[in-house]
Amino acid sequence: MSAQQHDTDTAEPTTAPGTDLPDADAQSEDALVEQADVTAGADGADEADEPADDLLVQEGDVAGDYLERLLDILDVDGDIDLDVEGDRASVAIVGGRLNDLIGPGGATLEALQELTRLAVAQSTGVRSRLMLDIGEFRAKRRADLTALAGETARRVSSSGQPERLSPMNPFERKVVHDVIAGVTGVHSESEGEEPNRRVVVLPDR
């Protein structure tokens, strides 16, 4: 199996300068930073990682089988690439005419990802955080959001005023949070409820 690339789309920032700050959501799926337990020794950490890696490979295999059957049912041509990226399995469907599997704004892709995660969880007995990409939609979306986040961070750093971006799904928000985390002088938080949850970029005080 070959390694996959990841996601993207376009998001127009909706700026609303102001002083009201959103509630932080450090425990959400798109939290900026997750603290790692570094108390274990190096050997113990390596041993602990092995079962986790095996599980991620198993998740990818289950997802690949599930998606192959789906493509056969839908009579859609496509190759499936499996990979492990960080702490989650990564699956990509590439080649062929895949627009119908992506849907408007990636809506069908999101639904297929949830179905695939459910199939994996049913097989492994463990909740899956697997990431599905189709036709490099997420890879392109990631590139667009990375550029958007960088531009927004520069404006906020210069103006000293917060900016609210358009509503995004958890994957998109995390891409933005990760970019903002690497920029000095600004930080980001999420506000609102799904499906209208969005990222706010704020100047450091």
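**View 1. The buried residues of helix H5 are Phe 171, Glu 172, Arg 173, Val 175, Val 176, His 177 and Ile 180.** The model is a predicted one, in which local features require pLDDT of at least 70 and side-chain atom pairs count only at pLDDT 80 or more, whereas totals for chains, interfaces and linings use all residues. Residues are numbered from 1 along each chain as its sequence is written, and side-chain values use heavy atoms, with hydrogens and water left out. A residue is termed buried under 20% relative accessible area, exposed over 50% and partly exposed in between (1.4 Å probe, protein chains only). Helices (H or I, at least four residues) and strands (E, at least two) are DSSP runs numbered from the N terminus. The cover over the buried residues of H5 includes strand S3 (131-134), helix H4 (137-159), strand S5 (186-191) and strand S6 (198-203); contact here means heavy atoms within 4.5 Å. The twelve residues of H5 reach 16 Å from the first C-alpha to the last, close to the 16 Å expected at 1.5 Å a residue. The expected span is 1.5 Å times one less than the number of residues in the helix.

**View 2. Asn 169 caps the N-terminal end of H5.** This residue lies in the loop between strand S4 (163-164) and helix H5 (170-181). A side-chain oxygen of Asn 169 is placed 3.1 Å from the backbone nitrogen of Phe 171. Such a polar contact is a pair of N or O atoms within 3.5 Å; within protein, one must be able to donate a hydrogen and the other to accept it, and residues adjacent in sequence count only if both atoms are side-chain atoms. Is Asn 169 buried or exposed? Asn 169 counts as buried because its relative accessible area is 18%. Its C-alpha is 9.1 Å from that of Glu 110, a residue 59 positions away in sequence.

**View 3. Helices H4 and H5 pack against each other.** Two packed helices are described by the angle between their axes and the distance between the axes. For H4 and H5 the angle is about 45 degrees and the axes are 9 Å apart. H4 is therefore oblique to H5. The axes are lines fitted to C-alpha atoms, for helices over the stretch in contact, with angles running from 0 to 180 degrees between N-to-C directions. Angles under 35 degrees count as roughly parallel, over 145 as roughly antiparallel, 65 to 115 as roughly perpendicular, and the rest as oblique. H4 passes H5 in a right-handed crossing. On the H4 side, the contact is made by Arg 138, Arg 141, Arg 142, Leu 145, Thr 146, Ala 149, Gly 150 and Ala 153. On the H5 side, it is made by Phe 171, Glu 172, Val 175, Val 176, Val 179 and Ile 180. A crossing is right-handed if the near helix is turned clockwise from the far one by less than a right angle, and left-handed if anticlockwise.

View 4. Buried residues of H4 include Phe 137, Ala 139, Leu 148, Thr 152 and Val 156. Glu 136, in the loop between S3 and H4, has a positive phi near 60 degrees although it is a residue other than glycine. Glu 136 counts as partly exposed because its relative accessibility is 33%. Gly 160 follows H4 and has a positive phi, near 75 degrees.

**View 5. Glu 163 in strand S4 is shown with Arg 155.** Their side chains make a polar contact at 2.9 Å. Glu 163 counts as buried because its relative accessibility is 7%.

**View 6. Ala 181 is located in helix H5.** Ala 181 is exposed because its relative accessible area is 51%.

**View 7. Asp 75 and Pro 195 are two loop residues of the chain.** Asp 75, in the loop between helix H1 (42-74) and strand S1 (79-85), has a positive phi of about 55 degrees although it is not a glycine. Asp 75 counts as exposed because its relative accessibility is 67%. Pro 195 is in the loop between S5 and S6, and a cis peptide bond with omega of about 5 degrees joins Glu 194 to Pro 195.
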